[in-house]
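The sequence and coordinates are shown first, and the discussion then moves from one local feature to the next.

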Amino acid sequence: MASSTDTPSSPAPLQSEGKRISHHGPKDENPQPEIKRKPVATKTAVSDSPKNEDAGAKRSQDSKSIGTSATANEERHKSVAASIKSTTDVDSVNPSDFHGEVQTTNELPTIETLRKIETYTVLDRDGKSRPFKSLYAGHNVARRVLIIFIRHFFCGNCQEYLRTLSANVTPDALLQLPVSTFIAVIGCGSPELIDAYIEETNCPFPVYADPTRRLYTELGMVRTLAMGTRPAYLQDKTLAHTVISGVVQGLKQVKSGLVMKMGDQRQVGGEFLFEPSTLSLDTPITTPKSEVDRRLGEPFPTVTATSEHRDDKLSNHDDDGADRVEEKCITWCHRMRTTRDHVEIPELMEVLGLDGNGTPIRDQKRWTRALRERKGTGLSMASQMSRLSIDTTHVNGSGGGSIKDAARAPSVKDVARAPSVKEAVRAPSVKDAAKA
């Protein structure tokens with residue numbers, strides 16, 4: 001007997017719309033509603049609908065934007081890398097912190113540079129300005145002048161340098177040289193700190209200030225915080241000692257308001273020796289400006305603008321009335337590369353023409369290096385002065401006389417016997433020394 005329902009021989013296939021086909025048999029009076037399932041779009045499926053087209057276009061535009069941003073970022077990274085490399089190159093020449101030495105030269109400044117800076121002003125301890133040239137040239141100024149540029153006025157290293165210098169190179173020792181020689185010091189801070197600086201260092205030489213640092217710049221001195229190797233002139237002073245010393249001095253100036261006027265902490269200095277351009281040991285025959293109108297044996301008169309000079313040869317004026325000043329140039333110099341790179345005392349004494357090397361220190365390694373190394377560049381008149389000393393010593397030994405007698409100042413009788421005042425005041429020659 002046949003069943004009321006037929007058993008299907010195979011599973012019901014899916015329609016293209018996604019519905020199952022009902023089994024064969026009588027239709028249900030209450031058929032279930034057909035459920036339409038939305039087709040699941042795969043990730044790789046691309047629809048042709050306008051909405052999806054817009055989305056695709058947007059995604060394409062975003063991709064292009066991302067690509068452009070990536071390119072821009074890449075270019076930016078390249079630019080930053082180039083900047084870093086450039087900064088690294090600059091820092092390798094002039095490092096901005098405590099590492100390495102700045103790359104500077106010790107080339108002698110040219111005459112053009114000196115003419116440019118000779119009118120620059122420096123300030124003395126009273127705050128009065130004066131031309132830079134007046135420190136090394138002019139009336140009543142030594143023929144040889146060593147100008148030492150220090151750092152700021154609270155620098156413990158520079159202060160220790162001046163203490164060591166003052167103990168080994170005294171004004172009395174400079175007076176013994178055959179050519180008049182002197183020393184001046186310039187700092188980059190406020191002139192109001194000069195008195196405290198002199199008191200702290202016991203420096204016997206005049207100290208001036210260049211707060212603008214224009215002289216430092218024009219003379220080729222650089223800026224750095226690199227400390228470098230420990231020099232001999234620091235003797236037994238440690239880094240902690242020099243730092244604490246500077247801090248204490250700064251604290252003392254809090255009430256006065258000068259604590260921030262010490263000068264540029266990065267600025268380093270150097271040493272420059274000014275000597276006659278002719279490099280001649282012969283002293284030019286000039287009369288001090290205060291004695292222009294003074295007769296021999298007369299008191300000092302008041303010099304007026306209408307005073308007439310009785311002897312043009314003894315006058316300090318040219319025919320046009322301008323003052324005659326011996327031209328000077330820089331014959332030797334040294335620029336610091338670190339914050340404690342001043343010229344060592346043995347080299348400085350050699351350049352000035354002084355005998356000896358200074359007082360040795362206990363650290364033999366640093367002292368040996370100070371005796372051996374030479375930092376500066378140039379040729380001073382010290383070699384000529386040394387030969388002159390040897391010649392006069394030889395004359396003194398062979399003639400049996402005294403150089404002191406040969407070099408004594410002319411007396412009134414000498415002036416009376418001399419055919420002219422010029423002959424009376426002329427410098428004694430080697431022949432004079434031999435006859436003495």
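**A guided reading of the model**

His-342 is located in the loop that lies between strand 7 (328–335) and helix 8. The model is a predicted one, and in it this histidine is buried, because its relative accessibility is 0%.

The whole structure contains eight aromatic pairs. Phe-149 and Tyr-216 make up an edge-to-face pair, with 5.2 Å from centre to centre and 75° between the planes. Because Phe-149 belongs to strand 3 (residues 144–149) and Tyr-216 to helix 6 (residues 214–218), the pair ties together parts that are 67 residues apart in sequence. Are the two partners buried or exposed? Phe-149 has a relative accessibility of 0% and therefore counts as buried. Tyr-216 is also buried, with a relative accessible area of 0%.

Elsewhere, Phe-132, Tyr-136 and Phe-274 form one aromatic cluster. An aromatic ring also takes part in an arrangement with a charged group: the charged end of Arg-214 sits over the ring of Tyr-120, at 3.8 Å from its centre.

Attention now turns to helix 9 (residues 364–372), whose buried residues are Arg-366, Trp-367 and Ala-370. Why can these residues be said to line one face of the helix? Viewed down the axis of helix 9, the buried residues fall within an arc of 100°, and so they line one face. Lys-365 and Arg-372, on the other side of helix 9, are exposed. Helix 8 (345–352) is included in what covers the buried residues of helix 9. At the start of helix 9, the backbone nitrogen of Lys-365 has a side-chain oxygen of Asp-363 within 3.2 Å.

In general, most residues other than glycine have a negative phi. Asn-140, however, has a positive phi, near 60°. Asn-140 is found in the loop between strand 2 (129–131) and strand 3, and it counts as exposed because its relative accessibility is 62%. Gln-235 also has a positive phi, near 55°. This glutamine is in the loop between helix 6 and helix 7 (239–252). With a relative accessibility of 32%, Gln-235 counts as partly exposed.

The mean pLDDT of the protein is 74, and 57% of its residues reach 70 or more. Over residues 1–28 the pLDDT stays under 50, and the model has ten contacts for this stretch beyond four places in sequence. The pLDDT is also below 50 over residues 291–296, a stretch with 17 contacts in the model beyond near neighbours in sequence.

Definitions and conventions
Residues are numbered from 1 along each chain as its sequence is written. This is a predicted model: local features need pLDDT of at least 70, side-chain atom pairs count only at pLDDT 80 or more; totals for chains, interfaces and linings use all residues. Side-chain values use heavy atoms; hydrogens and water are left out. pLDDT is the predictor's confidence in each residue, from 0 to 100. Contact means heavy atoms within 4.5 Å. Rings of Phe, Tyr and Trp (its six-membered ring) pair if their centres lie within 6.5 Å; planes under 30 degrees apart count as stacked, over 60 as edge-to-face and the rest as tilted. Helices (H or I, at least four residues) and strands (E, at least two) are DSSP runs, numbered from the N terminus. Buried means under 20% relative accessible area, exposed over 50%, partly exposed in between (1.4 Å probe, protein chains only). A charge sits over a ring if NZ of Lys or CZ of Arg is within 6 Å of the ring centre and within 35 degrees of the ring normal. The arc is that of the directions from the helix axis to the C-beta atoms. A polar contact is a pair of N or O atoms within 3.5 Å; within protein, one must be able to donate a hydrogen and the other to accept it, and residues adjacent in sequence count only if both atoms are side-chain atoms.
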